[in-house]
Amino acid sequence: MIKDNKEKFEQKSSKTISSFMDSLKKIRTGRASSSILDNINVNYYGTDTPLNQVASITVPEARMIIVQPWDKSMLPAIEKEIKKSDLGLNPSNDGNIIRLIIPALTEETRKELVKEAKKIAELSRVGIRNLRREANELLKSALKDHKITEDEERSALDEIQKLTDKYIKDIDNILEKKEKEILEV
């Protein structure tokens, strides 16, 4: 009972951290990264297909991404999807490849992106705290139903709290790293 509760808590918390990291990937920094294109899908013969499955994506310079489709007829569709995305990038199509120049971020834009990252981090922290509450409620109901003793409940509650602190610290560390990336000139 206690072990299952702890395992569920750890699994759900890991998913929350993973989701947090995926959300941060969508926030662009002043540096080029192929991961900012991860959420772009292209209509490939009637199927929505992730961009990285229809083209090679490379980062030859700190502020440039090159998208080279395996099928050149996909160039217009890829260009259209990149323009439609809310990344604020202007693709340059030369008939063979698409170049994406990552514009330098203004100080104001950087601060807005940091605010957005902090909001996402806070939502993730709240998610972890909600998982802690769920786990604690399960322990309390197990104690009430006489499935565990008070000592077992107390030690399990302490363990859940330690895990909660660990996961929140992980979120803070990831956020701090992202902030440095965003604010880097």
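Strands here are DSSP runs of E of at least two residues, and helices are runs of H or I of at least four, numbered from the N terminus. The model is predicted: local features need pLDDT of at least 70, side-chain atom pairs count only at pLDDT 80 or more, and totals for chains, interfaces and linings use all residues. Residues are numbered from 1 along each chain as its sequence is written, and side-chain values use heavy atoms, with hydrogens and water left out.

**The sheet**

β6 belongs to an open sheet of four strands, in the order β3-β4-β6-β5, with antiparallel pairing. β3 and β5 are the edge strands with a single partner strand each, so one side of each has no neighbour in the sheet. From one strand to the next, the twist averages 25°. Two strands count as paired if DSSP finds at least two bridges between them. Strands of a sheet pair through backbone hydrogen bonds, either parallel or antiparallel.

The table lists the pairings.

| Strand pair | Bridges | Sense |
|---|---|---|
| β3 (55–61) and β4 | five | antiparallel |
| β4 (residues 64–69) and β6 | four | antiparallel |
| β5 (residues 91–93) and β6 | three | antiparallel |

S56 has Q68 in β4 as its bridge partner. I65 has L100 in β6. S92 has R99 in β6. The hairpin of β5 and β6 has four residues between the strands, and there G95 takes a positive phi near 95°.

**Helix α2 on the sheet**

Helix α2 (residues 75–84) packs on the sheet. The helix touches β3, β4, β5 and β6, and its direction makes about 165° with that of β5. Such angles run from 0 to 180 degrees between N-to-C directions; axes are lines fitted to C-alpha atoms, for helices over the stretch in contact.

Which residues of α2 are buried? They are L75, I78, E79, E81 and I82. Seen down the axis of α2, these buried residues fall within an arc of 165°, so they line one face of the helix. The arc is that of the directions from the helix axis to the C-beta atoms. The buried residues pack against β1 (41–44), β3, β4, β5 and β6. The face turned away carries the exposed P76, K80 and K84. Buried means under 20% relative accessible area, exposed over 50%, and partly exposed in between, with a 1.4 Å probe and protein chains only.

**Helices α1 and α4**

Helix α1 (residues 2–25) packs with α4 at an angle of about 10°, the axes lying 11 Å apart. That makes the two roughly parallel (under 35 degrees; over 145 is roughly antiparallel, 65 to 115 roughly perpendicular, the rest oblique). The residues of this contact divide into 13 nonpolar, three polar and six charged. From α1, the contact includes F9, S13, I17 and F20; from α4, it includes I160, L163, T164 and Y167.

T164 lies in α4 (residues 150–183). Is T164 buried or exposed? T164 is buried, with a relative accessible area of 1%. Leaving out residues up to four places away in sequence, T164 touches F9, I128 and R132. Contact means heavy atoms within 4.5 Å.

**Helix α3**

S141 lies in helix α3 (residues 107–144). At 33% relative accessibility, S141 counts as partly exposed. S141 and K26 are 115 residues apart along the chain, and their C-alpha atoms are separated by 40 Å.

Key:
Ala, Val, Leu, Ile, Met, Phe, Trp, Tyr, Cys and Pro count as nonpolar, Asp, Glu, Lys and Arg as charged, and the others, Gly among them, as polar.
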